[in-house]
Amino acid sequence: METYTTDDALTKMGFGRSQALVLVYAGMGWVAEAMELMLLSFLGPFVREQWNISPQNESMLSSFVFAGMLIGACAWGFVSDKYGRRTGLLFSTMFTSGMGFLSALSPNYLCLVALRFLVGVGVGGSHVFISWFLEFVPAQNRGTWMVIFSLFWTLGTILEASLAWVVLPALNWRWLLALTALPCVLMLPFFGLTPESPRYLCVQNRMADATAVLERMASANQSDLPPGVLIYNRETKTDHGNLASESECLLPVRQKECKVDDAVSSESGSLAALRTLLSRDLLKSTLLLWFVFYANSFAYYGIVLLTSQLSDANRSCASGVIFGLHQKDTNIYKDTFITSLAEIPGLILSAVLVDWFGRKASMWSMMFACCAFLGPLVFHQNELLTTILLFGARACAMGSFTVLCLYAPEVYPTYVRSTGSGIATAIGRVGGVVCPLVAVALLGSCHQMEALVVFEVVLCLAAVACMFFPVETKGRGMD
């Protein structure tokens, strides 16, 4: 009897209208996350002035958001692996939009911190959009489409910088919070158009449902499925070593359950998933991914915060006074807008490298390049040179982060893909929690050299870690 896998079906039908729908919807999820995180670059100084809080408390606002994202990344990853990708997408989007609007009404600083923490929990599910999208993309050009998908993140950062430039001088920060929550609300009416991942359906032994999704996709793409019966082939050929082959699930699956699914269902789902991620075959990849996600998030969000904090720190340290909102000018919006545009050449660079040199070489080369751009900022530079260097650093940081977000789902098998990516993303959020304490606290106390050296060391270590990844996933199927 002829059989075919999900990878075979996607390869035959190619990238068409059905994947374009998934691309746009998942992309809007990333626009929403980018806007919520870019918001942190502008919110702190206005909140500090309104409620007269200390610079340390100002930096804690960003840290609490990332702490919420840490929890959300783990939670939504488990939800999407256990209950479906669409379930994770729907509830994380609803939660983010609700908490975002409520935070705009915060009566005091503590209430604002608590609600933004909950926004972070919702936004922590954004990695599910990546896994969901990549599970629809043919293997041969997955890297290119991931780079295109990442353009939505760049769109979100540019939109937020533009929104802040218009809204904050004319209105106030509450309006900015409310308008930033709008993209999540706009996604909800279109949720019914989204398909469930056929890979997820196969893992759940819902082969008939998976076949139906693939048939609708093939029809939308004006193509046909391969002849035969859909199977889920769990046999994995990787560079991890001699991984044991897992059983194949053939129709009718009601009579033939896969051993892996039985093992996962026999104990707590989250514990079983974590046990798989830390198994002998995946341990090295998992630990390295955790560190590289931490370092990349630390560097990327640190560069975003440096854009708004560096020039203020230079002015305050030169004058000997603590800088405040009234000493800020519209240059902060202009600089943030310009450095946000840097993500476009960063994505172009990653698109060129990812399918040419491979995932690993793309990541470590762009991380070393980011170090080179940040190096001169160890010493005080004029405003123009600072903006140029931050432009280059952000381009490289965005490029490496994009390839990393592509690499993580490719490393893990489908039944723990979202959980594995979620935990790695959550570890990355720890970097997001720590980086405001470095970028704001050290710069605010006139320790620019120490702050930049920390970023340099973290990036260099991450680049070296990328060289030791045991698997190159370029061109490899996701089943």
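Colleague: How many of the chain's residues count as buried?
Modeller: Buried means under 20% relative accessible area, exposed over 50%, and partly exposed in between, with a 1.4 Å probe and protein chains only. Of the 479 residues here, 59% count as buried. This is a predicted model: local features need pLDDT of at least 70, side-chain atom pairs count only at pLDDT 80 or more, and totals for chains, interfaces and linings use all residues. Residues are numbered from 1 along each chain as its sequence is written, and side-chain values use heavy atoms, leaving out hydrogens and water.

Colleague: How many helices and strands does the chain have?
Modeller: Both are DSSP runs numbered from the N terminus: helices are H or I of at least four residues, strands are E of at least two. This chain has 21 helices and 2 strands.

Colleague: What share of the contacts joins residues 24 or more positions apart?
Modeller: A contact means heavy atoms within 4.5 Å. Take the contacts in the chain with a separation of 6 or more: residues 24 or more positions apart account for 83% of them.

Colleague: Where is Val22, and which residues does Val22 touch?
Modeller: Val22 lies in helix 2. Its relative accessible area is 0%, so Val22 is buried. Not counting residues up to four places away in sequence, Val22 touches Gly27, Trp132, Phe133, Phe136 and Pro195. Look at Trp132: it is 110 residues from Val22 in sequence, yet the two are 8.2 Å apart in space, C-alpha to C-alpha.

Colleague: Is Ser126 buried or exposed?
Modeller: Ser126 has 4% relative accessibility, so it counts as buried. Its place is in helix 7 (residues 126-134). Leaving aside neighbours within four places in sequence, Ser126 is in contact with Trp30, Glu33 and Arg429.

Colleague: How many aromatic pairs does the structure hold?
Modeller: Rings of Phe, Tyr and Trp (its six-membered ring) pair if their centres lie within 6.5 Å; planes under 30 degrees apart are stacked, over 60 edge-to-face, and the rest tilted. The structure holds 16 such pairs. Take Trp30 and Phe149: their ring centres are 4.9 Å apart and their planes at 40 degrees, so this pair is tilted. Trp30 is in helix 2 (residues 17-38) and Phe149 in helix 8, so the pair ties together parts 119 residues apart in sequence. Both Trp30 and Phe149 are buried. Tyr300 and Phe401 form a stacked pair, 5.9 Å centre to centre with 15 degrees between the planes. That pair links distant parts of the chain, with Tyr300 in helix 15 (residues 283-319) and Phe401 in helix 19 (residues 383-411), 101 residues apart. Tyr300 and Phe401 are both buried.

Colleague: Which residues do ring pairs link into a cluster?
Modeller: The cluster holds Trp30, Phe133, Phe149, Phe152, Trp153, Tyr300 and Phe401.

Colleague: Where does the charged end of Lys82 sit?
Modeller: A charge sits over a ring if NZ of Lys or CZ of Arg is within 6 Å of the ring centre and within 35 degrees of the ring normal. The charged end of Lys82 sits over the ring of Tyr83, 5.8 Å from its centre.

Colleague: Which residues form the nonpolar patch on the surface?
Modeller: Patches take residues with over 30% relative accessible area and no salt bridge, joining like charges within 9 Å and nonpolar side chains (Val, Leu, Ile, Met, Phe, Trp, Tyr) within 5 Å. A salt bridge is a side-chain nitrogen of Lys or Arg within 4 Å of a carboxyl oxygen of Asp or Glu. Here Leu151, Leu341, Ile344, Ile348, Val352, Trp356 and Phe357 form the patch, with about 670 Å² of accessible area together. Helix 17 (residues 343-354) gives the largest share, 3 residues. Leu151 lies in helix 8 (residues 142-170). At 40% relative accessibility, Leu151 counts as partly exposed.

Definitions and conventions. Accessible areas come from the Shrake-Rupley method with a 1.4 Å probe; for residues, only the protein chains shown count as cover.
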